[in-house]
Amino acid sequence: MTKKSTKSAPVYQYDAVVIGTGPGGEGVAMQLAKAGKTVAVIERYSAVGGGCTHWGTIPSKALRHSVSRLIEYNSNPLFSDSLRNRHMTFAEVMSHASGVIRSQSKLRASFYDRNRVTLIHGEARFVDANTIQIVKADGSTDQITAAQIAIATGSRPYCPKDIDFNHPRIYNSDTILSLKHEPQNIIIYGAGVIGSEYASIFRGMGVKVDLVNMRDRLLSFLDTEISDALSYHLWNNGVVIRHMESYKSVEGREDSVIVNLESGKRMRADCLLFANGRTGNTDMLNLEAVGLKADSRGQLKVDANYRTTVENIFAVGDVIGYPSLASAAYNQGRSAAESMISGKADSQLVEDIPTGIYTIPEISSVGKTEQELTAQKVPYEVGRAQFKHLARAQIASTTVGSLKILFHRETKEVLGIHCFGERASEIVHIGQAIMQQKGPGNTIDYFVNTTFNYPTMAEAYRVAALNGLNRIF
Ligand SMILES: Cc1cc2nc3c(=O)[nH]c(=O)nc-3n(C[C@H](O)[C@H](O)[C@H](O)COP(=O)(O)OP(=O)(O)OC[C@H]3O[C@@H](n4cnc5c(N)ncnc54)[C@H](O)[C@@H]3O)c2cc1C
């Protein structure tokens with residue numbers, strides 16, 4: 001554990017200390033450990049895995065999966081009416097999620113163990129650029145030193161001060177997981193990815209949902225057709241979407257919550273899920289001690305090598321902002337570790353990070369949208385496949401959805417993939433793999449010249465490619 005000193009170099013206990021055990025911290029720690037570095041990770045929560053495992057990605061996806069299966073079961077014509085129309089409480093659905101969280105956390109803890117990374121539980125704060133103080137759960141403190149430090153402390157839900165989040169009917173995306181009562185209706189404030197996903201989950205459980213959006217359309221970064229499709233399906237399933245609204249005040253009552261909107265509207269529901277923005281976890285780090293300053297969202301600035309303005313301090317994951325995805329955080333962690341070892345991140349992240357949105361139906365896309373290509377005056381063409389025409393979708397009764405391929409009409413290079421429907425987040429990766437090929441390998445022709453298993457959802461690529469190529473003259 002103790003590093004051998006040279007005469008001039010200072011002696012540190014560890015080559016590196018990583019703060020946080022989410023995907024970002026895990027990525028840094030594992031890469032450094034595999035390169036033979038002595039590493040300690042500090043985690044303030046009682047188990048490893050980060051917000052990703054305990055409050056964010058994993059619980060919401062496990063909830064979504066259960067609700068999606070429930071919808072599928074209830075709408076499956078194979079079952080008689082007496083078997084169908086099953087209802088599940090939030091607590092029941094959550095119990096499956098809890099099992100997944102436990103397994104994931106146990107698995108991730110074993111990675112640290114196997115790679116001889118020292119795991120220390122407690123809250124980390126800087127003493128100086130090489131020294132971290134750890135405040136343990138029993139109030140005792142400890143101090144460790146390291147040549148390099150990586151901040152991977154993630155983010156938490158933004159909770160404005162004028163809303164009483166201690167009220168038993170007012171939740172954020174962390175506290176909603178401990179929902180004990182059975183709401184008949186819910187107001188979800190914030191129609192970003194998290195708000196839209198929870199709108200699908202609650203509606204799928206039969207709860208009436210009012211979704212309040214501050215903008216004029218849902219998830220405006222998506223290709224317009226896809227965002228329109230989501231709006232339609234949420235609307236068709238009974239979600240009331242209120243665009244261009246913002247709250248004026250929130251009143252917590254004994255048995256309900258009232259949200260007064262700036263537009264003068266008043267909304268009442270059994271509970272409120274406030275899902276509007278996130279704040280980087282930097283306020284407890286005593287950044288002043290090392291001369292670092294977070295921005296107004298609690299986020300840190302880094303360069304292309306994930307280095308902060310302090311030479312030996314790096315940062316990855318949600319704490320550096322966009323794209324704030326578990327998928328990206330892990331890769332950022334590995335790249336940051338490369339920088340910490342060699343001074344430079346060798347493997348730059350692929351530019352086109354796929355978007356996976358686990359609404360019901362699911363959404364996934366990679367590359368350019370039609371709107372971006374039009375604005376850039378790129379002569380593109382569109383190829384589409386509708387799931388309702390695919391044998392596999394008919395067999396599985398997952399006929400809602402479509403795949404859209406955008407390609408250059410002269411070079412035939414694949415420029416964007418947009419998928420809406422069951423398993424979209426898996427399906428998109430076939431197109432992504434082709435887009436990442438260099439040279440002629442990245443053209444739409446690949447999908448026509450390849451034999452796909454039959455029947456599969458992947459066949460959508462062949463159908464969409466033929467559809468698109470038919471438009472070329
Ligand atoms: C509801 C929801 C759904 C999501 N769904 C998806 C999805 O489907 N796909 C996807 O890719 N992403 C999703 N995300 C985003 C994803 O969870 C985050 O991008 C990811 O967790 C970021 O990883 P991280 O390592 O930066 O931070 P985190 O996973 O948040 O981990 C940070 C860790 O640092 C610890 N920590 C903080 N401060 C200290 C300190 N001072 N001392 C010691 N430890 C500290 C925390 O306890 C935590 O364990 C979702 C997020 C939410 C909230």
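Me: In this predicted model, which residues come nearest to the ligand?
Reply: Gly24, Glu43, Thr57, Lys61 and Asp318 come nearest, out of 34 residues around the ligand. A residue belongs there if one of its heavy atoms lies within 4 Å.

Me: What is the distance from the ligand to the backbone of Arg44, and what is it for Ser324?
Reply: For Arg44, a polar backbone atom is 3.2 Å from a nitrogen atom of the ligand. For Ser324, a polar backbone atom is 3.2 Å from an oxygen atom of the ligand.

Me: Which elements each supply at least two residues of the shell?
Reply: Helix 1 (23–34), helix 2 (50–54), helix 3 (57–74) and helix 7 (326–342) do, as do strand 2 (39–43) and strand 4 (123–128). By class, the shell has 16 polar, twelve nonpolar and six charged residues.

Me: Why are helix 3 and helix 4 called oblique to each other?
Reply: They pack at an angle of about 130 degrees. Roughly perpendicular ends at 115, and roughly antiparallel needs over 145. The pair is therefore oblique.

Me: What is the handedness of the crossing, and how far apart are the axes?
Reply: Helix 3 passes helix 4 (residues 90–114) in a right-handed crossing. Their axes are 8 Å apart.

Terms used:
Residues are numbered from 1 along each chain as its sequence is written. This is a predicted model: local features need pLDDT of at least 70, side-chain atom pairs count only at pLDDT 80 or more; totals for chains, interfaces and linings use all residues. Side-chain values use heavy atoms; hydrogens and water are left out. A polar contact is a pair of N or O atoms within 3.5 Å; within protein, one must be able to donate a hydrogen and the other to accept it, and residues adjacent in sequence count only if both atoms are side-chain atoms. Helices (H or I, at least four residues) and strands (E, at least two) are DSSP runs, numbered from the N terminus. Ala, Val, Leu, Ile, Met, Phe, Trp, Tyr, Cys and Pro count as nonpolar, Asp, Glu, Lys and Arg as charged, and the others, Gly among them, as polar. Axes are lines fitted to C-alpha atoms, for helices over the stretch in contact, and angles run from 0 to 180 degrees between N-to-C directions. Angles under 35 degrees count as roughly parallel, over 145 as roughly antiparallel, 65 to 115 as roughly perpendicular and the rest as oblique. A crossing is left-handed if the near helix is turned anticlockwise from the far one by less than a right angle, and right-handed if clockwise.
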